[in-house]
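Please look at the protein chain shown below, and keep its sequence and its 3D view side by side while you read. The notes that follow take up one topic at a time.

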Amino acid sequence: HESHYYFTSGVEREERLRPKSMWTFVSRDLPSFSNPKPTFFGFDPKQQKGIQCRFGERGVTAATHYDAGRNMIAMIKGAKRYILSPPRECPKLGIVPQRAHPSFRHSMLNFGHIALLDNDKSKNMSQLER
């Protein structure tokens, strides 16, 4: 069993309303996300819930889930695989809709143990498409 590490740093919505001298490094170094005025990333600052920066290393995975807010991915080194589905497909993904459930917004499916692609139609697909 190999350990994998995942660093997350969050900024609450109210931070951008404080003087810039009081901003944490996330707001200072990523001003496009913290600006109290509309930007490409924060087009409606009053509705912004805050910032979550996540940094993962090789081997870190995330369960299938949906986020209510916008996401931006930046690869510094290496590669990641993302499987994106349109919102209309959520009912097929086993997403937990109950807010009180500990897995709210996450899928109960484990794609690492599903053999959906082990059929005749997928035999001509490359490994990258699987």
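**A buried serine and its surroundings**

Serine 107 counts as buried because its relative accessibility is 9%, where buried means under 20% relative accessible area, exposed means over 50%, and partly exposed covers what is in between (1.4 Å probe, protein chains only). The model is a predicted one, in which local features need pLDDT of at least 70 and side-chain atom pairs count only at pLDDT 80 or more, while totals for chains, interfaces and linings use all residues. Residues are numbered from 1 along each chain as its sequence is written, and side-chain values use heavy atoms, with hydrogens and water left out.

**Confidence and overall layout**

- The predictor's confidence in each residue is given as pLDDT, on a scale from 0 to 100; the mean for this chain is 75, and 81% of its residues reach 70 or more.
- The chain has two helices and two strands, where helices (H or I, at least four residues) and strands (E, at least two) are DSSP runs numbered from the N terminus.
- Read from the N terminus on, the elements of the chain follow the order β-α-α-β.
- Among these elements, helix H1 (residues 25–29) has the highest mean pLDDT, at 81, whereas strand E2 (residues 50–56) has the lowest, at 71.

**Surface and contacts of the whole chain**

- Of the 130 residues in the chain, 15% count as buried.
- The chain exposes about 11,200 Å², and carbon and sulfur atoms supply 55% of this area, which was computed by the Shrake-Rupley method with a 1.4 Å probe (for residues, only the protein chains shown count as cover).
- When contact is taken to mean heavy atoms within 4.5 Å, 50% of the contacts between residues at least 6 apart in sequence join residues at least 24 apart.

**The segment after E2**

- Serine 107 lies in the segment after E2, and, leaving aside its neighbours within four places in sequence, it is in contact with Thr64, Leu93, Gly94 and Ile95.
- A polar atom of the serine 107 side chain lies 2.4 Å from the backbone oxygen of leucine 93, and a polar atom of that side chain lies 2.9 Å from the backbone nitrogen of leucine 109.
- Arginine 105 is also found in the segment after E2, and this residue counts as partly exposed because its relative accessible area is 25%.
- The phi of arginine 105 is near 75°, a positive value in a residue other than glycine.

**Salt bridges**

- How many salt bridges does a search of the whole structure find? The search finds three, a salt bridge being a side-chain nitrogen of Lys or Arg within 4 Å of a carboxyl oxygen of Asp or Glu.
- Glutamate 15 and arginine 18 form one of them through their side chains, with an N to O distance of 4.0 Å.
- Glutamate 15 counts as buried because its relative accessibility is 4%, whereas arginine 18, with a relative accessible area of 31%, is partly exposed.
- The side chain of glutamate 89 meets that of arginine 88 in a salt bridge at 3.6 Å, N to O, and it meets that of lysine 92 in a salt bridge at 3.1 Å, N to O.

Conventions:
A polar contact is a pair of N or O atoms within 3.5 Å; within protein, one must be able to donate a hydrogen and the other to accept it, and residues adjacent in sequence count only if both atoms are side-chain atoms.
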